[in-house]
Amino acid sequence: MGDTDAIVLDGFLEEETVPGDLYGSTARFRLTVSPTDERTDEMILPCSVADPKMAHQILHELTPGDQLRVTGYFRLPRTPDEPMWLVVTEMTLLQPAPTFVDVFTAMLERYGPYVCYLNADTDQVPVWTETGAWVGVADTLADLADLLNAYEQAHDVGGD
């Protein structure tokens with residue numbers, strides 16, 4: 001196969017990579033490829049790498065969610081029960097996956113019948129009941145218990 005037969009695809013690393021052999025000189029991974037923004041056009045493509053340097057990079061430097069550009073050749077099945085995969089000859093990291101801190105700067109947390117909005121940018125904690133009734137704002141997470149006790153005393157225990 002010549003260089004003109006190679007295919008170039010952009011996609012996201014689907015999950016953790018795995019060694020292809022006992023020594024880690026080869027690697028296997030799955031790439032989510034979506035040529036359009038339509039979810040129905042999306043496919044998960046098994047990939048393999050035989051180059052030891054590239055295998056080391058894939059096994060030790062990449063994380064799920066990284067955006068990659070891979071170049072390689074399709075390995076078509078020889079029997080009906082054999083899978084198709086892409087034999088990767090070149091790989092480029094286009095964009096690393098977002099880090100945990102970048103993704104989760106705010107979240108909702110439940111405390112019994114209460115829902116709290118925790119935001120890393122502020123110490124204040126807004127609180128609602130699970131039915132949507134406003135409870136108030138605690139100045140800090142440590143003040144949350146006092147706010148909930150005051151609310152329960154003013155509204156009968158368990159009532160709105």
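**Charges.** I began with the charged side chains: the chain carries 8 positive and 28 negative ones, where Lys and Arg count as positive, Asp and Glu as negative, and His and the chain ends are not counted. The centres of the two sets lie 16 Å apart, with each charge placed at NZ of Lys, CZ of Arg, CG of Asp or CD of Glu.

**Ground rules.** I am working on a predicted model, in which local features need pLDDT of at least 70 and side-chain atom pairs count only at pLDDT 80 or more, while totals for chains, interfaces and linings use all residues. Residues are numbered from 1 along each chain as its sequence is written, and side-chain values use heavy atoms, leaving out hydrogens and water.

**Fold.** I found three helices and 10 strands in the chain; these are DSSP runs, numbered from the N terminus, with helices being H or I of at least four residues and strands E of at least two. In sequence order, the pattern reads β-β-β-β-α-β-β-α-β-β-β-β-α. The radius of gyration is 25 Å, well over the 15 Å that the globule rule gives for 160 residues, so the chain is more spread out than a compact globule. For my own record, the radius is taken over C-alpha atoms, and the rule is 2.2 Å times the number of residues to the power 0.38. The C-alpha trace spans about 80 × 30 × 30 Å along its principal axes.

**Surface and burial.** I noted an accessible surface of about 10,800 Å², 54% of it belonging to carbon and sulfur atoms (Shrake-Rupley method, 1.4 Å probe; for residues, only the protein chains shown count as cover). Buried residues make up 28% of the 160 in the chain (buried is under 20% relative accessible area, exposed over 50%, partly exposed in between; 1.4 Å probe, protein chains only).

**Cysteines.** I searched the whole structure for disulfides and got zero, a disulfide being a pair of cysteine sulfur atoms within 2.5 Å. C47 counts as buried at 3% relative accessibility, and C116 does so at 0%.

**T71.** I looked up this residue in strand β5 (residues 67-75). T71 is buried because its relative accessibility is 15%. Setting aside residues up to four places away in sequence, T71 touches A6, I7, V8, V87, V88, T89 and E90 (contact means heavy atoms within 4.5 Å).

**D123.** My last stop was the loop between β8 (114-119) and β9 (125-129), where D123 sits. D123 is exposed, at 57% relative accessible area. Beyond its neighbours within four places in sequence, D123 contacts A138, D139, T140 and L141. From D123 to A138 I noted 15 residues in sequence and 8.5 Å in space, C-alpha to C-alpha.
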